[in-house]
Amino acid sequence: MTLKKSIYSVMSIPFLLATPYLFANPINNVDITLEQITKDVTYLASDTLKGRANYSTDLEKAANYIAERFKSNGLIPLTAKSASDHNSFLQSYSIKQYVVNDINININNIDVDKANVAMVSTSPTTKWRFDKSTSERPNVKFHTIAKEDDFRQVIRKINATGGHHFVAVSTVHKDIFTRYQAYFSRGITKLSIDQKGDNVQGGTIVMLVTDQEIDQNTLSVSATTNIEQKQLNNVVGVLPGSTHAEEVVLYSAHYDHLGVKSDSKDSDIIYNGADDDASGTSAVINLAEYFAKKGQNKRTLMFVAFSAEEIGGFGSQYFSKQLNPDTITAMINIEMIGKPSKFGSGSLWMTGIERSTLGELMNKELQPYNMKVHADPYPKQGLFYRSDNATLARQGVPAHSFSSTQLDKDQHYHNVSDNIASLDLKSMHKVIQSLAIATQPLVDAKITPSRIDKNTIKNKKYEKYKKY
């Protein structure tokens, strides 16, 4: 060996050591196939399922498909030790819809123009009469939103208190009132946990746009509310843990979407929801298959496809009430991963990365692959609160959503163009493989992320991704 070669060899060693993972581990060693992912997402986003609207038979078909995939891969239902048929994987729950049918307001024996009235109520009937001859006056609080008041702030406070309210609104707020009027006209939806525990008295907000001072003694309000109870299903499959069975790692996505356009003459009327969220649901199915084949999970793994995400997150709300949140080590909620992120093909980001150590721990596992989970690049959108992770996060679970969507560029979100042709399946495949790698230490019970501080979580109303 010459002196020159010796010096070169010695110098090259620290260079290689100082350049971490110069040759990255091959991600293709993860046994999750593009073929199977394509098959799953293509079916879930197909025209056959007509957009997977809540309450539809099409959503039921999607649920049965997911359940069959869980069953065929050896998962068991949440409430049983073995699976006899796919129906046992369905977690049923009820929600109630409240729609006010008819509103009549009378002041000084004159009927008020209904164009100036908005009402929402969970009471079957509303009969308020405040004239001086009434011996028992209704338990109703009166409010005024003057021209200098913040309309939204006042309504939020009123709504938070519950009970019955009459609100006189200055005509200055007519525009925003009209938007609320349209929202109220569609009614409200609530999770029905225990029918016996429902408050029969309910709550009511009546708003009237007027600059007139109202003499309460001349006022009467009457209305009826149509109350309809409907059933939906989550799909839940379980792989029991071998040594840490009492600790749960949760993988989730929502499988519902928007259905079809009504009263449209367009040739394409189906909201296929390929990215939102057939992509995430396909990820959950294939991660379940991957870990089931490995058969080495020390912690219990739960795989959940939620319904009702698009109408208020009721599926995840119900699911969260069936488990002790202290038993959930982490929640990996997968939301819209069908297209490359701003960080490149196959890369993804997570919401609320600063709220627990989950992202940091996952990135340690991804480092040898020259990959990483990025922080949410759209912090102003408040996305941490806008998907199915939010309910469990409020209970202290390290519950985060993982996505690759580019909110500032995606023109397909909540449009009929969100179909299979809009997806980058190779990028989606890589994202799912990276999630399998990054969460392996969770599965093996080698890492435990820090809990989320419940005191830092705002009690914000559930809200889906909005148009930017």
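The following exercises, with worked solutions, concern a predicted model.

Residues are numbered from 1 along each chain as its sequence is written. Local features require pLDDT of at least 70 and side-chain atom pairs pLDDT 80 or more, while totals for chains, interfaces and linings use all residues, and side-chain values rest on heavy atoms, without hydrogens and water.

**Exercise 1. Determine the mean pLDDT of the protein and locate stretches where the pLDDT is below 50.**

Step 1. The pLDDT is the predictor's confidence in each residue, from 0 to 100; its mean for the protein is 89, with 89% of residues at 70 or more.

Step 2. Residues 1–19 have pLDDT below 50, and this stretch makes two contacts (heavy atoms within 4.5 Å) beyond near neighbours in sequence.

Step 3. Residues 195–200 also have pLDDT below 50, with five contacts beyond near neighbours in sequence.

**Exercise 2. Describe the largest nonpolar core and the surroundings of Phe70.**

Step 1. A nonpolar core is a set of buried Ala, Val, Leu, Ile, Met, Phe, Trp, Tyr and Cys residues joined through side-chain atoms within 4.5 Å, where buried means under 20% relative accessible area with a 1.4 Å probe, protein chains only.

Step 2. The largest such core has 66 residues, and Phe70 and Phe303 have the most contacts inside it.

Step 3. Helix H6 (residues 274–294) supplies the largest share of this core, nine residues; helices are DSSP runs of H or I, at least four residues, numbered from the N terminus.

Step 4. A second, separate core of 20 residues includes Leu323 and Phe384.

Key
Buried < 20%, exposed > 50% of the residue type's maximum accessible area, 1.4 Å probe, protein only. Helix = DSSP H or I, 4+ residues; strand = E, 2+ residues; numbered from the N terminus.
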